[in-house]
Amino acid sequence: MKTTMALSTTAQKRLARSRKIKRGHPWAWAGITALLSVISLIPILEMVVVSLEPMSSVESGSWLPQGWDWSNYGQAFHTVRLFAYTIHSLIVSVSSVIITVIVAVGVAYILARFHFRYRSVLAAAILVTQMIPAVALLLPIYILYANVQTLTGLHLIGSFPALIMAEVSIATPLAVWLLISGLAAIPREMDEAAFVDGATHLGVLWRVLLPIALPTLAAVGIFSFLSAWNDILFASVLTDHATRTLAIGLQEYVSPGGSGSSGLVLWNQLMAGALMSAAPAVAFFLGAQRFLVRGLSSGAVSK
Amino acid sequence: MQWRTTLFVQKPHRIPWWLFVPGGLIMTVFIVWPILVSLYTSLTNLNVFFLANWMTAPFAGFANYAQIFNPVTPVGHSFWLSLGEALTFTFSAIVLGLPLGVVAALAMNRPFRGRAWFRILFLIPYAIPIFVSGLVWRFMLLQRIGLVDRLLGLIYAPWAHVFWLIGPNALISLIAANTWSSWPFFYLFTLSALQSVPGEIYDAADIDGSSGNKTFFAVTLPLIVRSLVIAGTLSFIYHFNNFTTPYVLFGTTPSPSADTLPLNIYLFGFSQMQFGAATAMSILSMIILAAPMAFYLRAVRVREL
Amino acid sequence: MTYLQYPKRTLCVSMMSATLLATIAGCGSPSTATGHQPVVLHVLMEQGNVPPVTQKFLATVKKEFEARYPHIQVKLATYPATSTSTTLDTMIASHHGPNVFEIGTTFIPTLTASRAFVPWSRAMLQTAHTQELVPASTRMDYVPGHRPIGLPDSAEPFVLWYNKAMFRAAHIAHPPTTWGEFIADAKKLTHPSRGVWGAAIAPADPFYSMHITWLLSRQMGGAVINARGTQAQFASLKVATTIRFYLDMLKTFHVVSPADVQYTEQDMISAFMQGKAAMVPVGGLYDLSQLNSNPEFLKHDVGAAPNPIVPYGLSHVPKGGVKAESFISGQEQVIFKYSSSSAQVAAATKWIGYYDSPSVQYQMWKAYGALPVNQQAYTKTALSTPLWKSFETIETHSYPTPRVPGWLTMPTVYDKNLATVFDDIALHKYSPGQLTRTLRSVDSQINTSIAGLKTP
């Protein structure tokens, strides 16, 4: 605004006019906003409506719900163990975020701050590893776990730690890359100064770099949370009754029952369950989005 | 003691490798090792007879790769078809999602009352887990009882009462459902890029009498284009390997027009137990992705890396 | 300063390695079965969307079993049907899995070929009282050249569901016994203007087309695959003729709704339940659980008949054809070789035998509605109703699908390809010769994948 103050009156008039032009199509913008809002909301509203309908009304394909059925929400908890699955998903996703951030910061710090031979090769290799379809990793990882389990007698398959480590490994390469650019964006003088003051590497990371790179950290956290929360491949074989996650559990609604029970797809309960299982992820994401917007701009993308 | 003193002065140059170890170890054990295993099995005839002792599967040389490269063989035919579908799916996510995201971000970058609410609203499709949005779209796309069909029927569209989840329409459904849940990714990137554009630049543009459209193409776009390239590349990598969306939308056996590469690899490997061919497909898929990766590396251009 | 750094660094290293170790170590302890300790038996059952009553059934069986065999401790787990392939493959490849594994009959030949499951000795078969089982139900287990690797725990024959009320209204006395009658009846029952159709089919289902094609071609005397399991024969005259008949239900006779092309088995049954379709050929017994949601309808209007056995246009089953009313289908329990000690194999045999005992089979029928495989279970009065008697009869007139390792790839390839033909018919894009081309391509696709299946 300082520039504006210094402007001549004619310039100010011109500015006012151009501002007007810039805001000249408020209706167009409002229209776009409204349209995008409707597009974003329709599937969610449909979920809400179906989750409150009786099955007969869903099947009839009518526009207006023929009656309301609030019991779907309660029933959804009985048909599949929604509550337990939510807890399992939270355990897996939160742990994998914490571990991913810790290990990725370590790797990114080395790659962003030190010179050594083959550094760029190593960095590129980390990115390449992300290109393999996760389907291809599934069998070898499972075999690895099974062998370690046989050799050591530790309970791995079906345990939380085994799934968490798989999720961490999937999320780490991207996390490293986001953090490399995040850390590289911070002027080197800042850690040099800290080192002169006698700080250790951890001290520099903890007191200097990470606070500045906090938004990038948040971005990394959100991406790894979503990746773990959405995983359906590893969770399908690395979980059992005691650890099954929501992504797998919700499939039970649409999967035939086995042992002689094909079961109708109870869309109303499924939608109730879907809404409830989306809630934690949506809450987490919206709570953290403020950081994400800053994170992507301050470190991850711009220099 | 002398060397300690020296070290103290040059400390930042001694590389604390122990910070690298946990991450490096995880990536070696859980990614590099499985890739090596896949490389090996892609050179063998690993099927149901050998699965129990997969190390003993007969070595087949490049037979699996030769099959894939020959589009006349069923494996090759299926691979190239799936690759085409995966590329269509991947590019559609960018071609449709990016303009939506940019427009939304521009709309949200203008002050108006209630802006905070809309900013959050636009993020909801992205925040909804894929395994949920996939199921919702599966329901909405059902013929007769699904919302899409009812809406199209309401306006007497020629495509009313079409089966969206089967045949060639399945790919359209996949693209629609995926665009809905992934466009906010571009919105997010654009929004954050726009916020780092200094306001003075716009003022300068105003003084020059630049109009809205012109300002965007002459001033804003060049400033955010790098972010968009990065977002596009990340989106490319993510969608090319996206297994969950088609899996949840269609169930395990989708229409042949919508089994994108990861799903096809899954079907060949896990359903038909032809792991030799399936892992060869995975390796090729990894190589194909190397091109956008090189692009990404150039775009990110991490300092001195 | 550097040595001041050490404790911190050590602390951090140990923290990180602790995190790693903790994550790798996990919790729990190895399960061994030696000496006087109880034998721990891991049982993995398939289970999806089932009501709580059904969920209790397994817990009850476990409790009763443990009471009877105090030295065996059963650890029950379930997996959803959507995870079948990943569960099975990872299990075989890693040698890590449960002792007892429940899986659909259709997987048995493939599982046998993998040699990852314990072949049953005569003594084991006796322990499990195999002689009490419905003979037809165990036929899938006898893969040529191999000992059986498991026993069925439930049977789910495929029947012709028909709507009695609609049959009465159309003055049709009996359900059809030939496919000619089937079409004639279906035409009488079809009223497109009211959205009512003579029959419903499920071409979009991953198995339905394979099932009906197998049944029709067996009746015709054709075979979708040769006896040695090396050549797919979908394009052969007899099989292609039956497939053409299957397509004609939609294309020529117009007795099924064009909407059926997007149907899976569940959609097909819900069309039947809503009175939109009068008959469902080759409908699974497990569809009853859906029908159960409308008890009045089930009680009064639902009829289950054997599928017609005489091919369309013929008056009797031709030479070489078999009077197959259904194919053998259901769930099997197999013993996983690699993770089972001899004590666990013995315990597993007892478990499977106990599960197949008359009382458990009866309880299972009450919980799931699946057909018992134990003959004695049918003496219970509740199972003596005409409806259930007819299922029992159909089960005894069932034939096994080809017991070749390549069978597993056949539905995947065939159903996928035939679905596109159905789509084209529904979209009026079908061209003459398209079916022949598709079937030839199906054959070559299947043959290539079978050729890859070289035995070691």
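Among the contacts in chain A between residues at least 6 apart in sequence, 74% join residues at least 24 apart, two residues being in contact if their C-beta atoms, placed from the backbone, lie within 7 Å. The structure is a predicted model, in which local features need pLDDT of at least 70 and side-chain atom pairs count only at pLDDT 80 or more, while totals for chains, interfaces and linings use all residues. Residues are numbered from 1 along each chain as its sequence is written, and chains are lettered from A and ligands numbered from 1 in the order in which they are written.

Chain A contains 16 helices and zero strands, where helices (H or I, at least four residues) and strands (E, at least two) are DSSP runs numbered from the N terminus. Of its 303 residues, 56% count as buried; a residue is buried if 20 or more other C-beta atoms lie within 10 Å of its own, exposed if 12 or fewer, and partly exposed in between.

The contact between chains A and B takes 88 residues from chain A and 86 residues from chain B. On the side of chain B that touches chain A, helix α2 (residues 21-41) of chain B gives the most, with 13 residues. The residues of that side divide into 59 nonpolar, 18 polar and nine charged, with Ala, Val, Leu, Ile, Met, Phe, Trp, Tyr, Cys and Pro counted as nonpolar, Asp, Glu, Lys and Arg as charged, and the others, Gly among them, as polar.

Elsewhere in chain B, B:Ser255 lies in the loop between α12 (244-250) and α13 (261-271), and B:Ser255 counts as buried because it has 24 C-beta neighbours inside 10 Å. B:Ser255 and B:Phe270, 15 residues apart in sequence, are 18 Å apart in space, C-alpha to C-alpha.

In chain C, strand β10 (residues 330-335) is mostly covered, six of its six residues being buried. Strand β3 (residues 100-104) of chain C pairs with β10(C) in the antiparallel sense over five bridges, pairing being assigned if DSSP finds at least two bridges between two strands, and C:Phe101 stands opposite C:Val334 in β10(C). Strand β4 (residues 150-155) of chain C likewise pairs with β10(C) in the antiparallel sense over five bridges, with C:Leu151 opposite C:Gln333.

The buried residues of helix α14 (residues 358-368) of chain C are C:Val360, C:Gln361, C:Met364, C:Trp365, C:Ala367 and C:Tyr368. These residues lie on the same side of α14(C) because they cover an arc of only 170 degrees around the axis, the arc being that of the directions from the helix axis to the C-beta atoms. After α14(C) comes C:Gly369, whose phi is positive, near 85 degrees.
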